[in-house]
Amino acid sequence: MLTVLITGSSTGIGRRTAETLAAARHTVYATMRDPAGRDADAVSELEALARSRNWQLRVVELDVTSQESADAAVRQVLEETDGLDVVLHNAGHLSIGYVEAFTEDDVSHLLDVNAVGAHRVNRAALPHMRARRSGTLLYVGSTIQVTTPPFLGPYVASKAAFDALAVVTSYEVSQFGIETSIVMPGAITQGTNHFPGASRAGDEQVAAQYAELDPLVERTHDAHEQLFAPGTTADPQSVADEIERILALPVGRKPFRSVVDAAQAGVDHVMAFSDLTREVFVRRLGFAETLEVKR
């Protein structure tokens, strides 16, 4: 059984994955930004489930925008267990609006949460994993870096940065026995706070100059909802199930990338070719060993 730290566990994919892995008898640290405040209901629900089902599930505070918070969360895991086996990067935030209307601070904040946040958590966890020469970094990315739909510009950029950091980090940590898997969900329109909780561009004066496009922006959620065939739902559980499957695989057998997309946008084909091109280039550079986990 594994000890798993999950970021962004209050709702959606993070919440379902925490429950799924705990039910599979793993020890789960479900982290949230504000367990004593806005996330208090989620904490109560998860802790009640854990008690009733005898799960090894604990809720821990972790704000991915703070290195101190990331360090403290990882330190708690290490103090309470025999070691951290999996870091599951799931925390993220969605913003909707016109690219020009996002201020510098808006874009910087989104990149900080969605990309730099994972880097902070890695900096907290990797010294331990490198010392043990084992572990898994599992990133919950997005197909959106390929599909790049309108009105989600800074979010698209942040998820692309998140993916790129995951890839280049994988080369280096692989030489210390640490595996990387990137799970790319398509649009998730049910069972999550992603669209309802999305923030908006901060420059209202610029946004007003795009007012003729407002009807298009307002149907962003519905536009994604209609992507699915009748009877098909895009539910966080499908992602949680894939994560459980990947973590059950032996060392060296975990996929580097997995696409979970009920919209069937073809991203799996794009990424297969992209990753093959990348791997060939890395081999041409003479760095082939970084593509394999060193045991």
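1. A salt bridge is taken here as a side-chain nitrogen of Lys or Arg within 4 Å of a carboxyl oxygen of Asp or Glu. By that criterion, the whole structure contains twelve salt bridges. The model is predicted: local features need pLDDT of at least 70, side-chain atom pairs count only at pLDDT 80 or more, and totals for chains, interfaces and linings use all residues. Residues are numbered from 1 along each chain as its sequence is written, and side-chain values use heavy atoms, with hydrogens and water left out.

2. Arginine 16 pairs with aspartate 235, with 2.5 Å between the closest N and O atoms. The bridge links distant parts of the chain, 219 residues apart: arginine 16 belongs to helix H1 (residues 12-23), and aspartate 235 to the loop between helix H9 (220-225) and helix H10 (236-248). Helices (H or I, at least four residues) and strands (E, at least two) are DSSP runs, numbered from the N terminus.

3. Arginine 132 and aspartate 85 form a further salt bridge, their closest N and O atoms being 3.4 Å apart. Arginine 132 lies in helix H4 (residues 104-132) and aspartate 85 in the loop between helix H3 (67-80) and strand S4 (86-89), so the pair ties together parts that are 47 residues apart in sequence. Aspartate 85 is buried at 17% relative accessible area, whereas arginine 132 is partly exposed at 35%. Buried means under 20% relative accessible area, exposed over 50%, and partly exposed in between (1.4 Å probe, protein chains only).

4. Arginine 200 and glutamate 218 also meet in a salt bridge (3.5 Å, N to O). Glutamate 218 is exposed, with a relative accessible area of 56%.
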